[in-house]
Amino acid sequence: MENGGLMHTLAFFLLSGITLAAAMGVVFKRNLVHSAFLLSVTFLGVAGLYMTLQAEFMAAVQALVYSGAVAVLVVIGVMLTHRQQMSRSNPPNKMLLVGALAALSVVGAIVWAILATPWKVGKGSVVTAGDIGRRFLTDFAPPFEAVALLLLAALIGAVVLFKGGKAQS
Amino acid sequence: MNFDALMLEMAVALLALLILVADLLMEPGQSRRKLGYLAIAGLTGLLLVSLGRYGMQGAFFNGLFLQDDYALFFKQTFLIGAILVCLFSLDTVDNLPHSRAEFYVLLLFAVVGMMILASANDLITLYVGIELMTFSFFILVGYVLCETKSTEAAIKYLVLASAASAVMLYGMSLLFGIAGQLSYNALAKGLTASPALIVGGVMVLSGFAFKIAAPPFHMWAPDVYEGAPIPVTALLAMGSKAAGFAAMVRIFAEVFPGTGYPWPLLLLLLSGAAMLVGNLAAIPQTNLKRMLAYSSVAQAGYLLTGMLSGGFAGVKGVLFYLMIYVFANVGAFAVLTAVSRHRNGETIGDIAGLSRKAPVLAVVMTVSLLSMAGIPPLAGFVGKFFLFSSAIDAGYLWIAVLGFVLSMVSVYYYLNVVKSMYLGAPADDRPFEIAMPVRVTAVFAMAATLAMGVYPGPLSQLAETAAKTVFK
């Protein structure tokens, strides 16, 4: 697909539309399970956007990890937690107007910034998984290893919190 | 590949893993106090090793991770803070219902995150450092799951910190979009004046303001400080704040000055708001942890005045003040640990009459609080002197005047606690037991606060050397 071509533009708007509509659904659906599945659609939409940016590896990771694993985990988490009735598990709150105003003003600021800034758009090059891996283990080795520690901390944390919950009941 | 630049981080991470493995080899019911001593011994050893590392300049690959005196000074601040927190948390950890060894492990992981923040010289390393520190804190804050307050604090911290991270990450993506590069050196050259730079810069600044608890991003602090176990609150107050400043000062010194926007104006607003909100909201607090939370908001305001000048004199003040804030903080929270142990509460009524039951602790608390207020001859006075004089030299007279007036206001609520300790009647007649490590920590913190107030020369020299590596 050529950058800036008709198909490219069309794909961008289509995928953005799907992503945004699904994201709205995540917030507004009353049933938490519906929200969780729509979250998966949002992730897939983002994966599609990565494809249009020629970031195939990112798109694959997005689809596998987020849409595949994270969304499923959210659904399982919802199913395992205690609740009365699923159809009212994601209730709206009374801050709708204030929230909408705040969100709109933030969106306004960002849109203004993006439209008014002259971006330097390059040709771009295809980044392969190999390139990413090489940079992980050279330039970006410290943050890469730090992320490994972060995952270990999260794992330990999950066990700690689980034990705490068990001691409580 | 220069592994020497990463030496301290790797050593702390290895120490954490060692404790994790040693815990598995111990009997399930056995006390984990030995592991606490192991953590303290390991960190102390590293602190001694790090003393000999001044003047070493280095970078791990293409300058994305720096080793310099500035980062080293911050790493020593974190190490000292972590050693003292481990020391006075030994008994708190012994009384935890479960997962005692993991407490030290997560604490060390948080320290690794802070150290990475001090050395980070590109946006990715910066973000990962922040997340490593914050993730460890999520769990530490909610460690005592059977206490509703602790759980509530953890959830609040999780949701708000995630939102702050998201905002900061979006800001970074805008900066990256303008410059097309991630390292600070390249950003400094590549960032051109544009609306996206304003929005991106403000978003990154908001993320930092959340970490250092400056208004309007301070709302999490009182609730989280109140709910978290006391040692965690202490580390959150000094470590998280110091790490936030470490990264913020570097990015504001290296990236933003050349972009042509008046960033000091934003810092000025943040600083004024922090001093006003922190000091005024602290007055009506009766829970001491909440009071110290608002007081730490005010401290962030004082520290921000040091960044206004954009020169090394102010940064020297920031470094000096953060180091002495560690000691004042540890003193206050160590005493609070003992009081909370005895009374099972942390209100101003619980501390009443402390001077009769534990005169040493009452003195430590008094010294720590007065140092935070900036009363001479304590260390806090010298720190505030450096900060405010750098702001005045840079032409920001009014913020220094505001800081001075509000410091006087802060004396009121600090002295309120002192009054309760010395004049109030004790709430019970039970004998007051102080664990040895808590006593040692408290007295050490007080001695350091006094010593650095009377003889600030060596530390201020060290801070000056460190500040000069950022402002060449």
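Is B:Ser183 buried or exposed, and what is its relative accessible area?

1. B:Ser183 is buried, at a relative accessible area of 13%. Buried stands for under 20% relative accessible area, exposed for over 50%, and partly exposed for what lies in between (1.4 Å probe, protein chains only). The residue sits in the loop between helix 7 and helix 8 (184-190) of chain B. Helices (H or I, at least four residues) and strands (E, at least two) are DSSP runs, numbered from the N terminus. Leaving aside residues up to four places away in sequence, B:Ser183 touches B:Leu64, B:Asn121 and B:Asp122. A contact is heavy atoms within 4.5 Å.

2. Basis of the values. This is a predicted model, where local features need pLDDT of at least 70, side-chain atom pairs count only at pLDDT 80 or more, and totals for chains, interfaces and linings use all residues. Residues are numbered from 1 along each chain as its sequence is written, chains are lettered from A and ligands numbered from 1 in the order in which they are written, and side-chain values use heavy atoms, with hydrogens and water left out.

3. Chain B overall. Its secondary structure comes to 20 helices and two strands. The radius of gyration of chain B is 21 Å, close to the 23 Å of the globule rule for 472 residues, so chain B is as compact as a globular protein of that length. That radius is taken over C-alpha atoms, and the rule is 2.2 Å times the number of residues to the power 0.38. Along the principal axes, the C-alpha atoms fill a box of roughly 65 × 55 × 40 Å.

4. Packing within chain B. Of its 472 residues, 65% are buried. Among contacts with a separation of 6 or more, 80% join residues 24 or more positions apart.

5. Interface area. Chain B and chain A bury about 3000 Å² between them, with 83% of it on carbon and sulfur atoms. Buried area is the accessible area (1.4 Å probe) that two parts lose on being put together, summed over both. In chain B, the most area is lost to chain A by B:Ile139, B:Leu145 and B:Pro195, together 16% of what that side buries.

6. Interface make-up. Chain B gives 42 residues to the contact and chain A gives 31 residues. There are zero salt bridges between the chains, a salt bridge being a side-chain nitrogen of Lys or Arg within 4 Å of a carboxyl oxygen of Asp or Glu. On the side of chain B that touches chain A, helix 6 supplies the largest share, eight residues.
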